[in-house]
Amino acid sequence: MPAPGENLKINGQRLWDSLMEMAKIGPGVAGGNNRQTLTDADAEGRALFQGWCEAAGCTMGVDGIGNMFAERPGTDPDALPVYVGSHLDTQPTGGKYDGVLGVLGGLEILRSLNDLDIKTKHPIVVTNWTNEEGTRFAPAMLASGVFAGVHTQDWAEDREDAAGKRFGDELDRIGWRGEEEVGARKMHAFFELHIEQGPILEAEDKQIGVVTHGQGLSWTQVTVTGKDSHTGSTPMPMRKDAGLAMARILEKVNEIALSHAPHAVGAAGHIDVYPNSRNVIPGKTVFTVDFRSPELAVIEDMEARLRKEAQAICDAVGLSVEFEKVGGFDPVEFDAGCVTAIREAAERLGYSHRDIISGAGHDACWINRVAPTAMVMCPCVDGLSHNEAEEISPDWAEAGANVLFHAVVETAEIVE
């Protein structure tokens, strides 16, 4: 199929203005956003997005779990649509670009096609996936997971937040449950633009990341049980210190991840210590080890070594240990044709680029199961994300959206 000409570009200023306008909804306390899924702010952001899409001549569809689909028709009624998008929900202390750039970058494609009076054979659909972040209702990428058949809709709707509110009830409360069957839509391809959420592109002065793979993830919850006792009057040889065992296990987690350098990573971000008192030796610790790698065999090796090493550490000091796998997904290899379309678009437009592996989970990782899929990344300052200080430049946003524009329009096929 013919490639779009290199002079075909989106309106970078309009994209940036849209990002700033959306950021006014659900403002954070330090310059970012708190627009968590299925909150009133989420509903307001959805309404703004819908208004913009309808102003661009699109029809809006919404499915039974709140996923939004804004469609620009193609010339062939039998051609499957090319989908593009990401998510509008944020972390409690989130930035203005994580997810939002992908949704509004998709909208900018439709606006620019209208400006240029370009028709495509395939329809183009811009998607806002519900609850990508998973911060209020776990797990992450929940609604795209239902769409792709990874989760059942009933299971997803029964997820509860910290206040005990059900996902399904909150979806109804904000008025964004649609009538479409979840997952019934068929896709010709799916593209997602996202900030890197890591430091590689900025450090190497690359404008575009061509995402070839997504890391797999494994979450193992470890519970170490000892005996809580007085920190001052319990002799050192007689202690059953669950905190000490946890520290030794976490040192092993670091060693295990480093042994699979450079792509494997590992740490524990969730840690609970009981009874968590200054003068009581911890009698129990509960922590979740997060291992990630683009290779399934590496993840499996890290899981096995964690269990072996942790068991040996606890046996040596007379403590018990239990393991529960509480989350995870296999590594993703994105579609070769879609990846090539992104790489060639970057080259055609003269942007510096490199292949990159996504260290975070994205809706594209689930949609890859049901349609040819790929991702474009742009840098973010200091690799910082999931933080209100998250920042990108207008030039980075424009470059990423231009590459997205070319890859999507080439796949959707321009009609002369």
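**Reading helix packing and burial**

Me: In which kind of crossing, left-handed or right-handed, does helix 2 pass helix 3?

Reply: Helix 2 passes helix 3 in a left-handed crossing. Left-handed means that the near helix is turned anticlockwise from the far one by less than a right angle, and right-handed that it is turned clockwise. Helices (H or I, at least four residues) and strands (E, at least two) are DSSP runs, numbered from the N terminus. This is a predicted model, in which local features need pLDDT of at least 70, side-chain atom pairs count only at pLDDT 80 or more, and totals for chains, interfaces and linings use all residues. Residues are numbered from 1 along each chain as its sequence is written, and side-chain values use heavy atoms, with hydrogens and water left out.

Me: At what angle do the axes of helix 2 and helix 3 cross?

Reply: Axes are lines fitted to C-alpha atoms, for helices over the stretch in contact, with angles from 0 to 180 degrees between N-to-C directions. Here helix 2 and helix 3 (residues 100-115) cross at roughly 15°, their axes coming within 10 Å. Helix 2 is therefore roughly parallel to helix 3 (under 35 degrees; over 145 is roughly antiparallel, 65 to 115 roughly perpendicular, the rest oblique).

Me: Which residues make the contact?

Reply: Contact means heavy atoms within 4.5 Å. Phe-49, Trp-52 and Cys-53 of helix 2 meet Val-103, Leu-104, Leu-107 and Arg-111 of helix 3.

Me: How do helix 8 and helix 9 cross?

Reply: Helix 8 (residues 242-258) and helix 9 (residues 296-316) have axes that come within 10 Å and cross at roughly 150°. That makes the pair roughly antiparallel, and their crossing is right-handed. Among the residues that meet are Ile-249 and Val-253 in helix 8, and Leu-306 and Ile-313 in helix 9.

Me: Now for burial: which residues of helix 6 are buried?

Reply: Buried means under 20% relative accessible area, exposed over 50%, and partly exposed in between (1.4 Å probe, protein chains only). In helix 6 (residues 167-174), Phe-167, Gly-168, Glu-170, Leu-171 and Ile-174 are buried. They lie on the same side of helix 6, because they cover an arc of only 165° around the axis (taken from the directions from the axis to the C-beta atoms). Their cover includes helix 2 (40-55), helix 4 (142-147) and helix 5 (153-157). After helix 6 comes Gly-175, with a positive phi near 80°.

Me: And Gly-57, is that buried or exposed?

Reply: Gly-57 is exposed, with a relative accessible area of 55%. Look for Gly-57 in the loop between helix 2 and strand 1 (59-62).
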